[in-house]
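Hi everyone, thanks for making time for this. I'd like to walk you through a structure that may be new to you, so please have a look at it while I talk.

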Amino acid sequence: MRKIALLPIALIAAAALAGCGSSAEESFEEGFRAGQQNAAPTTAAAAASPTAPPVTDVTIPDVEGKNGAIALDELEQAGLTNVQPASRDKEDKVVLNAANWTVTKIEPGAGETVRSDSTVVVTMTKQG
């Protein structure tokens with residue numbers, strides 16, 4: 001990615017230095033084509049992660065009443081990959097540091113079996 005960001009600068013420099021026998025536009029086009037050849041592929045196959053865990057069935061652990069960070073860790077350890085923390089508090093609307101929060105509810109509920117990539121919402125409170 002960094003090569004792509006620096007490519008316009010390199011192309012301008014190449015065009016400025018090229019001046020002999022070819023136009024700046026031709027030098028720019030040659031440099032652009034060379035940059036495209038070095039760019040990383042953007043196909044869907046290249047974007048897929050080779051280390052993505054397989055989707056499996058997971059039973060939701062009981063994390064209500066636990067520290068938010070511990071609960072999120074337990075859910076990850078269980079194999080859930082799409083856990084979304086949420087706040088029930090009116091003043092603190094975003095869970096920034098789950099260690100400062102306590103779990104009040106989990107949806108789907110504890111004991112339910114879901115696919116590992118299902119969205120699981122963990123509602124927390126920062127209030128005592």
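**A short tour, starting from one threonine**

Let's begin with Thr125, which is buried, with a relative accessible area of 5%. Before I go further, please keep in mind that this is a predicted model.

So where does Thr125 sit? You'll find Thr125 in strand β5, which covers residues 119-125. And what does its side chain meet? The side chain of Thr125 makes a polar contact with the side chain of Asp89, at 2.7 Å. If we set aside the neighbours within four places in sequence, the contacts of Thr125 are Arg88, Asp89, Trp101, Thr102 and Thr104.

Let me pick up one of those partners, Thr104. Thr104 belongs to strand β3. Is Thr104 buried or partly exposed? With a relative accessibility of 27%, Thr104 counts as partly exposed, because the buried class is for values under 20%. Again leaving out neighbours within four places, Thr104 is in contact with Glu64, Arg88, Thr123, Met124 and Thr125. For Thr104 and Arg88, which are 16 residues apart along the chain, the C-alpha atoms are separated by 8.3 Å.

Now let's step back to the whole chain. The secondary structure comes to 4 helices and 5 strands. Reading from the N terminus, the order is α-α-α-β-α-β-β-β-β. The chain has 128 residues, and 23% of them count as buried. Here is another number for the chain as a whole: among contacts between residues at least 6 apart in sequence, 64% join residues at least 24 apart.

On to the sheet. In what order do its strands lie? There are 3 strands in an open sheet, ordered β2-β5-β3, with mixed pairing. β2 and β3 are the edge strands, and each of them pairs on one side only. From one strand to the next, the twist averages 30 degrees. If you look at β3 and β5, they run antiparallel and are joined by 5 bridges. As an example of a bridge, Lys105 has Thr123 in β5 as its partner.

Next, the helix I'd like you to look at is α4, residues 68-77. Which of its residues are buried? They are Gly68, Ala71 and Leu75. Seen down the axis of α4, these buried residues fall within an arc of 65 degrees, so they line one face of the helix. There is a general point behind this: an α-helix has 3.6 residues a turn, so residues three or four places apart point the same way. On the other side of α4, Glu76 and Gln77 are exposed. And what do the buried residues of α4 pack against? They pack against β2, β3 and β5.

At the start of α4, a side-chain oxygen of Asn67 comes to within 2.9 Å of the backbone nitrogen of Ala69. Just after α4, Gly79 has a positive phi of about 110 degrees.

How many residues does the largest one have? It has 15 residues, and those with the most contacts inside it are Ile60, Leu75, Leu80, Ile106, Val122 and Met124. The elements giving two or more residues to this core are α4, β3 and β5. Of these, β5 gives the most, with 3 residues. As a general background, in soluble globular proteins nonpolar side chains tend to be buried together.

Not counting residues up to four places away in sequence, Ile106 touches Ile60, Val63, Glu64, Leu75, Val120, Val121 and Val122.

Finally, two stops in the loops. In the loop between β3 and β4, residues 113-115 being β4, you'll find Pro108. The peptide bond from Glu107 to Pro108 is cis, with omega near 0 degrees. The other stop is Asn100, in the loop between β2 (82-87) and β3 (102-107). Asn100 is partly exposed, with a relative accessible area of 45%. The C-alpha atoms of Asn100 and Gln127 are separated by 9.4 Å, and these two residues are 27 apart along the chain.

Technical notes: Residues are numbered from 1 along each chain as its sequence is written. This is a predicted model: local features need pLDDT of at least 70, side-chain atom pairs count only at pLDDT 80 or more; totals for chains, interfaces and linings use all residues. Side-chain values use heavy atoms; hydrogens and water are left out. Buried means under 20% relative accessible area, exposed over 50%, partly exposed in between (1.4 Å probe, protein chains only). A polar contact is a pair of N or O atoms within 3.5 Å; within protein, one must be able to donate a hydrogen and the other to accept it, and residues adjacent in sequence count only if both atoms are side-chain atoms. Contact means heavy atoms within 4.5 Å. A nonpolar core is a set of buried Ala, Val, Leu, Ile, Met, Phe, Trp, Tyr and Cys residues joined through side-chain atoms within 4.5 Å. Two strands pair if DSSP finds at least two bridges between them. Axes are lines fitted to C-alpha atoms, for helices over the stretch in contact, and angles run from 0 to 180 degrees between N-to-C directions. The arc is that of the directions from the helix axis to the C-beta atoms.
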